[in-house]
Amino acid sequence: MIKPALRRGWRDRQTLQYGMAPAHAVLLGPVTDHTAALMDLMDGTRNMDQLQEEARRLGLGPHIPQQLTERLATAGLLDDATADREASAAISDRLRPDLASLSVVHHAPGSAVQRLATRRSARIQVRGAGRVGTTVAATLAAAGVGQVDVIDGGDVEPWDTAPGGLPPHSVGSRRDAAARTAVGQWRDGRNGNRARVGLVLITPRDGADAYAPDPRTAEPFMETGTPHLYGGVAEATGIVGPLVLPGITPCADCLMRGRTEREPSWPLLVGQWRTANRRRTGTPACDIALATTTAGILASYALSYIDGDGGCTSGYRLRLALPHLLPSTEQFTAHDECPCGAASVHAARTGSETAEPHATMTG
Ligand SMILES: [Zn+2]
């Protein structure tokens, strides 16, 4: 069937456009009125024999339905009607827009259903249950990720709450339990798994630890080869990335070593920030709209990784500064002396992921 998620419109008498926005819109032409009428019938309710019968009725040759099917598949406009029906029956109605969106992004017939199945079998751990962390976790669960674990300690403070994360009535309850409840209400009833954690999101409540990641925090993930993605709000700047693929892309230690080479006082400065964090009595700055935006981008990048669309923010990170969410990117390189070994892989590359069109919001 032709993907129902894409709107159809005539650009002129012979050219059809499927989809609206340029990123995913496709032009088809020349298309006759009879061919367009046949395409109208390709809604998943007819098999090839029935389409050939319809083609005959429209005065089209018997080979047209097969040719048209191949042409539409090449253009990324065709989906697997049977797989889509089965998937739609197997998921909650809440996930149907996400399935439709996956069908827009992924061209091959049936690939949206496959992506949703991959999400369902995935397990993501979110470390930090503040405004950003819990919102990310709930969003991932709502997007169909089978298992989302949130790790944090202590009790919910009023400033941990967010419209997409911990609700106001959770103040005073244990952070991990409250986050579990917040995530659980978005989980598809059929989901839940005990798979190996495939991605860790490091979303510290105080964004200073996302801005200047501590290599010691990442040690367990480096040792187990677990991909991890940093994110948070530092004062009035949202941080998304980097995504660390251990041994392949720059890690927290690479970042620290590289920055220290350029700025020898960097470790001293970071040390002062961390000490100040521990002694802090006031609340850290965190604009709720910025936290929600940062969480949304983090969740989208995490989903892209799980969906197999490549490692967004591997080797760089996105910064969004208030006011106006002014975006900028910060590039990282693997450090030659870092034990992670990413430098050898990095050196062998002819280009980085940052050259891919999906890898930056500023392009
Ligand atoms: Zn490294």
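Mentor: We can start with the ground rules and the overall picture, then go on to the metal site, the rings and a helix.

Trainee: What are the ground rules?

Mentor: This is a predicted model, in which local features need pLDDT of at least 70 and side-chain atom pairs count only at pLDDT 80 or more, while totals for chains, interfaces and linings use all residues. Residues are numbered from 1 along each chain as its sequence is written, and side-chain values use heavy atoms, with hydrogens and water left out.

Trainee: What does the secondary structure come to?

Mentor: The protein has 14 helices and 10 strands. Those are DSSP runs numbered from the N terminus, helices being H or I with at least four residues and strands E with at least two. The C-alpha trace spans about 80 × 50 × 40 Å along its principal axes.

Trainee: And what share of the residues is buried?

Mentor: Of 363 residues, 47% count as buried. Buried is under 20% relative accessible area, exposed is over 50%, and partly exposed is in between, with a 1.4 Å probe and protein chains only.

Trainee: Next, the metal. Which residues coordinate the zinc ion?

Mentor: Cys-251, Cys-254, Cys-338 and Cys-340 do, each through SG, at 2.2 to 2.3 Å. Donors are N, O and S atoms within 2.8 Å of the metal (3.2 Å for Na, K and Ca); water is not among the atoms, so sites may look incomplete.

Trainee: Why is the arrangement called tetrahedral?

Mentor: Because the four donor atoms subtend angles of 101 to 118 degrees around the zinc ion. Four donors count as tetrahedral if all angles lie between 85 and 135 degrees. The ideal angle for four tetrahedral donors is 109.5 degrees.

Trainee: How are the donor residues spaced in sequence?

Mentor: As C-x2-C-x83-C-x1-C. Cys-251 sits in the loop between strand E8 (237-244) and helix H11 (252-262), and Cys-340 in the loop between strand E10 (326-331) and helix H14 (342-348), so this pair ties together parts 89 residues apart in sequence.

Trainee: Is Cys-251 buried or exposed?

Mentor: Buried, at 3% relative accessibility. Cys-340 is buried too, at 17%.

Trainee: What about Trp-266 and Trp-273?

Mentor: Their centres are 5.5 Å apart and their planes at 85 degrees, so the pair is edge-to-face. Tyr-211, Trp-266 and Trp-273 form one aromatic cluster. Trp-266 is buried at 6% relative accessibility, whereas Trp-273 is partly exposed at 32%.

Trainee: Last one. How many residues of H7 are buried?

Mentor: 10 of its 12 residues, so H7 is mostly covered. Among them are Arg-131, Val-136 and Leu-140.

Terms used. Four donors count as tetrahedral if all angles lie between 85 and 135 degrees; four count as square planar and six as octahedral if opposite donors are over 155 degrees apart and all others between 65 and 115; anything else is irregular. Rings of Phe, Tyr and Trp (its six-membered ring) pair if their centres lie within 6.5 Å; planes under 30 degrees apart count as stacked, over 60 as edge-to-face and the rest as tilted.
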